[in-house]
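Thanks for coming. I will go through one structure today, a piece at a time, and give each term its cut-off when it comes up.

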Amino acid sequence: MVWSIDDWPGPIALSVEDARKDFPILQRKVGDGKKLIYLDNAATTQKPQQVIDAMSEYYRNNNSNVHRAAHTLASEATTAYEESRLKLKHWFGATQSRLVFTSGTTESINLAAHAWARTNLAEGDVIVLTEMEHHADIVPWQMLAKERGVELRWTPFDLETFELDMDAFAIAVKGAKLVACVHTSNVLGVRNPIEEIIHLTHEAGAKLILDAAQAAPHDRLYFEELGVDMLAISAHKMGGPTGIGALIINESTFQQMKPFMGGGDMIREVHLDHSTYQENEHMLEAGTPKIAEAIGWGAAIDWMAQWDIDSIHQHGLYLAQKTVAGLRKIPGMKIYGRHAEGDGAVVSFLHDSLHANDLAAFLDARGFAIRTGHHCAQPLLRKFNIAATNRVSYWLYNTEHEVDKFITAVTEICNKYA
Ligand SMILES: Cc1ncc(COP(=O)(O)O)c(C=O)c1O
């Protein structure tokens, strides 16, 4: 079922069995007829039928470009696109702020670097990051640093507790202009002390961009209540389609931004010698936008709104903790992460004598889809002196039974091949 924001139902505790029914792909068989057990949700989640239907319905009945023509389809498409923006603003507690559609968290952070940082930072200015960042929250700042002579300061984390060194952060942030920080690590599942980071950042007079790619599927984030300046998210990690995400921006930061890409839709007037720009979010959305994707993301939000988000979080964390308990019984297995209250549903692990790729291939043959590699966080893995881990990550449709089967499979594979 899909609701409008005016009649989103009250929170109902997650029913995993009911939730699963909406995901046709979970019925799939892989390999030689093994039932798919999808444990790669931190990479991307599966999509409920309601999202697939909303996007097909748009292409079947309403497809048109937005903001331009006067005909019926254009007006329907424009309304649906802008309604999705409103819906997302409501969901993320950002009704008084700006929500710019991007292609995902990566583009959102690049947009912040181009539209805000390139305008507001100069040689010698400081950006504080953490050693826990995804490449999407490292490389854009390195490019800027190289181009503009901006200094990057790195906040370390502890190799035993997996926690950020907040004393180091408190020192690094002094005199900084911007902090770029991941809310929940896609490798360790650790939820960083965001409230303390926000407090210290603003006390230092800096702005904060939060990478919430992994938090949004499990946590209800209230942008204005949190008080961050920019928040980057991806639809595809929370039941929505690929190819769309958003940068949520508070008004004061938005007012300091300059257009990044030029072209249609972002202008007010174009003359041969100059142009003027839109003053709302469209200023940062040049060209034909991601219309079907925005509609699909809106449907994903409607779908998620039926469940109490805390129960989604607790369910994922419980599965992660159960996984850790099972993996710890396997000799030679190391777990990366603490899986404490508030953490994400991600478990990274590595066996000391079974190559991560081999374990993943054996598991694939048994129907398990897990992730292997550096998870786009090479500096983080390098700190542990490793090049890859295996990673399982859960969402609301994963079951305890799947975890049991997974632990049994890993145990058997390790007993046989390690
Ligand atoms: C923490 C984190 N940041 C950024 C990204 C990049 O997201 P996207 O590929 O959707 O742009 C990811 C994706 O895995 C992520 O986990």
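Let me start at one residue. G264 has 13 C-beta neighbours inside 10 Å, so G264 counts as partly exposed. The cut-offs are these: a residue is buried if 20 or more other C-beta atoms lie within 10 Å of its own, exposed if 12 or fewer, and partly exposed in between, with C-beta atoms placed from the backbone. G264 sits in the loop between α9 (251-254) and β11 (267-270). Those labels come from DSSP runs numbered from the N terminus: helices are H or I runs of at least four residues, and strands are E runs of at least two. If we set aside residues up to four places away in sequence, G264 touches A286 and G287. Touching, or being in contact, is used for two residues whose C-beta atoms, placed from the backbone, lie within 7 Å. V139 is 125 residues from G264 along the chain, and their C-alpha atoms are separated by 28 Å.

Two remarks on the source. This is a predicted model, where local features need pLDDT of at least 70 and side-chain atom pairs count only at pLDDT 80 or more, while totals for chains, interfaces and linings use all residues. Residues are numbered from 1 along each chain as its sequence is written.

Now the whole chain. The protein chain has 14 helices and 17 strands. Its C-alpha atoms fill a box of roughly 70 × 55 × 35 Å along the principal axes. A compact globule with 418 residues would have a radius of gyration near 22 Å, and the protein chain agrees because its value is 22 Å. That radius is taken over C-alpha atoms, and the globule rule is 2.2 Å times the number of residues to the power 0.38. Buried residues make up 48% of the 418 residues. Of the contacts in the chain with a separation of 6 or more, 71% are between residues 24 or more positions apart.

Next, the domains. The domain assignment gives domain 1 (13-42 + 307-417) and domain 2 (54-304); such bounds come from an automatic or database assignment. Taken over C-alpha atoms, the centres of domain 1 and domain 2 are 28 Å apart. How many residues of each domain are in contact with the other? On domain 1 there are 27, and on domain 2 there are 22. On the domain 1 side, the elements giving two or more residues are α11 (309-328), β14 (346-351) and α13 (378-383). The largest share, five residues, comes from α11. By type, that side divides into 15 nonpolar, nine polar and three charged residues. Here Ala, Val, Leu, Ile, Met, Phe, Trp, Tyr, Cys and Pro count as nonpolar, Asp, Glu, Lys and Arg as charged, and the others, Gly among them, as polar.

Stay with α11 for a moment. Its 20 residues should span 28 Å at 1.5 Å a residue, and its end C-alpha atoms are 29 Å apart, which agrees. The expected span is 1.5 Å times one less than the number of residues. The buried residues of α11 include I312, L317 and L327. Among the elements covering the buried residues of α11 are α1 (16-21), β14 and α14 (400-417).

Then α3 (residues 72-91). This helix has 20 residues and reaches 28 Å from its first C-alpha to its last, close to the 28 Å expected. Its buried residues include A77, Y81, R85 and W91. The cover over the buried residues of α3 includes α2 (49-62), β4 (98-102), β10 (245-249) and α10 (291-304). Just after α3, G93 takes a positive phi of about 55 degrees.

Positive phi turns up elsewhere too. H375, a residue other than glycine, has phi near 55 degrees, and C376 also has phi near 55 degrees. H375 is in the loop between β16 (371-373) and α13, and C376 lies in the loop between β16 and α13. Are they buried or exposed? H375 counts as buried, because 23 C-beta neighbours lie inside 10 Å. C376 has 17 such neighbours, so C376 counts as partly exposed.

Last, the ligand. It is surrounded by 14 residues, and the closest are G104, T106, H134, N186 and S234. Near means that the C-beta atom of a residue, placed from the backbone, lies within 6 Å of the molecule or strand. The shell divides into five nonpolar, eight polar and one charged residue.
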